[in-house]
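Please keep the sequence and the structure in view while reading.

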Amino acid sequence: MLMSLLLETTGSISVFGAALGAGLAAIGAGMGIGRIGGSAMEGIARQPEAAGRIQTAMLIIAALIEAVALFAAVICLLVATAA
């Protein structure tokens, strides 16, 4: 029933798949950055003298995760508009 309603409103199931993919990419990026932040704070608490290096690595990895999430969202938008 839900699938038939989606097909009637969107005209294609690829739009639904693209929206689902973009949502999963955003959730994955949020979870990844949360784990990085938590682990970095734990590492800084254990070794305060290494705070600068830990923060630098944390920011670089967070930027890479955001880039992958943005790439996934762009691919999902391209799939949605190509359908």
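## Annotated spans

In this predicted model, the stretch of residues 12-36 is 96% helix and 0% strand, and its end C-alpha atoms lie 37 Å apart. The stretch of residues 57-80 is 100% helix and 0% strand, with 35 Å between its end C-alpha atoms.

## How α2 and α3 pack

Helix α2, made of residues 13-46, packs with helix α3, made of residues 51-82, at an angle of about 175 degrees, and their axes are 8 Å apart. Because angles over 145 degrees count as roughly antiparallel, α2 is described as roughly antiparallel to α3. Sorted by class, the residues in the contact of α2 with α3 are 20 nonpolar, 6 polar and 1 charged.

## A closer look at α3

The 32 residues of α3 should span 46 Å at 1.5 Å a residue, and this agrees with the model, because the end C-alpha atoms of the helix are 46 Å apart.

Which residues of α3 are buried? They are A51, M58, A62, A69 and C76, and these buried residues of α3 pack against α2. I75 also has its place in helix α3, but I75 counts as partly exposed because its relative accessibility is 37%. Although I75 and G21 are 54 residues apart in sequence, their C-alpha atoms are 9.1 Å apart in space.

Key:
Residues are numbered from 1 along each chain as its sequence is written. This is a predicted model: local features need pLDDT of at least 70, side-chain atom pairs count only at pLDDT 80 or more; totals for chains, interfaces and linings use all residues. Side-chain values use heavy atoms; hydrogens and water are left out. Axes are lines fitted to C-alpha atoms, for helices over the stretch in contact, and angles run from 0 to 180 degrees between N-to-C directions. Helices (H or I, at least four residues) and strands (E, at least two) are DSSP runs, numbered from the N terminus. Angles under 35 degrees count as roughly parallel, over 145 as roughly antiparallel, 65 to 115 as roughly perpendicular and the rest as oblique. Ala, Val, Leu, Ile, Met, Phe, Trp, Tyr, Cys and Pro count as nonpolar, Asp, Glu, Lys and Arg as charged, and the others, Gly among them, as polar. The expected span of a helix is 1.5 Å times one less than its number of residues. Buried means under 20% relative accessible area, exposed over 50%, partly exposed in between (1.4 Å probe, protein chains only). Contact means heavy atoms within 4.5 Å.
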